[in-house]
Amino acid sequence: MVIKVFVATSSGSIAIRKKQQEVVGFLEANKIDFKELDIAGDEDNRKWMRENVPGEKKPQNGIPLPPQIFNEEQYCGDFDSFFSAKEENIIYSFLGLAPPPGSKVTKSSEDASSLPNGDVVGEVQSTAEGTEKTEEAGENEAQKEDNEDAGNLTESQEKNTEEITDEGAEGEAEEEEAEKGEEEPEEEEEAEAEDS
């Protein structure tokens, strides 16, 4: 199986050239065998590409722009599809190729067994792990809030304690003055008694 990448080597569009370079560069870097087919210099290539791009993948004007990617006769997708597959790390399935031996994709597909609902065990586990991480994060947030509330509570308790202490000191001072006031008349009475 050979991957065919239809490009326009003499395209005037910088965007198209960049997209073509990204696809070709990625395939070269990952040592994926492909053929680069020029639609600018070869009318047959241009005609074949336009006829074999599915109707739903053609733009409104009906003329698909390069790069277009095929696996032999099977349409894989355009640049946007390629980019999405690359980002999701499913490029080999996008291209219709078996992953190379020893790759992470190979190991996970060997380890994963299908479940009745069509899910893959590895995917379910990662979803469960994600849920656990989310729950842990939620617990951590709750603990932080509790700690902040406890900190606020401590501050308010300290303020109340200070207020109580201040009130208590004022109250004690008033009581002492009241006692002195009561003692003074007694002292005066004793002094008057001694004088008489």
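Analyst: Quick ground rule before we start on this predicted model: two strands pair if DSSP finds at least two bridges between them.

User: OK, how do you know that S3 and S4 pair, and in which sense do they run?

Analyst: Set the count against that rule: S3 and S4 are joined by 4 bridges, and the cut-off is at least two, so they pair. They run antiparallel. Ile69, for example, sits opposite Gly77 in S4.

User: Why are S2 and S4 called edge strands?

Analyst: Look at the order: the open sheet has 4 strands arranged S2-S1-S3-S4, with mixed pairing. Strand S2 (34-38) and strand S4 (74-78) each pair on one side only, which is what puts them at the edges. From one strand to the next, the twist averages 25°.

User: S4 is an edge strand, so what makes you say it is largely enclosed?

Analyst: Buried means under 20% relative accessible area, and 4 of the 5 residues of S4 are buried, so the rest of the structure largely encloses the strand. As for helices, H3 lies across S3 and S4 at about 85° to S4, while helix H2 (residues 43-52) lies across S1, S2, strand S3 (68-71) and S4, at about 80° to S3.

User: Why does Gln20 count as buried?

Analyst: Its relative accessibility is 7%, and the cut-off is under 20%, so Gln20 is buried. This helix H1 residue is in contact with Val7, Ala8, Pro66 and Pro67, leaving aside neighbours within four places in sequence. Gln68 is 48 residues from Gln20 in sequence, with 8.9 Å between their C-alpha atoms.

User: What makes up the lining of the second largest pocket?

Analyst: The lining divides into 6 nonpolar, 1 polar and 5 charged residues. Asp and Lys count as charged, and the lining includes Lys19, Lys57, Lys58, Asp78 and Asp80. Helix H1 (14-29) and helix H3 (79-87) are the elements giving two or more residues to this lining. The pocket holds about 200 Å³ of space.

Key. Residues are numbered from 1 along each chain as its sequence is written. This is a predicted model: local features need pLDDT of at least 70, side-chain atom pairs count only at pLDDT 80 or more; totals for chains, interfaces and linings use all residues. Side-chain values use heavy atoms; hydrogens and water are left out. On a 1 Å grid over the protein atoms alone, a cavity is a set of points where a 1.4 Å probe fits but cannot get out, and a pocket is an open set with protein on both sides within 12 Å along at least five of seven lines; lining residues have an atom within 4 Å of a point. Grid points are joined across faces, edges and corners, and a volume is the space filled by probe spheres set on the points. Buried means under 20% relative accessible area, exposed over 50%, partly exposed in between (1.4 Å probe, protein chains only). Contact means heavy atoms within 4.5 Å. Axes are lines fitted to C-alpha atoms, for helices over the stretch in contact, and angles run from 0 to 180 degrees between N-to-C directions.
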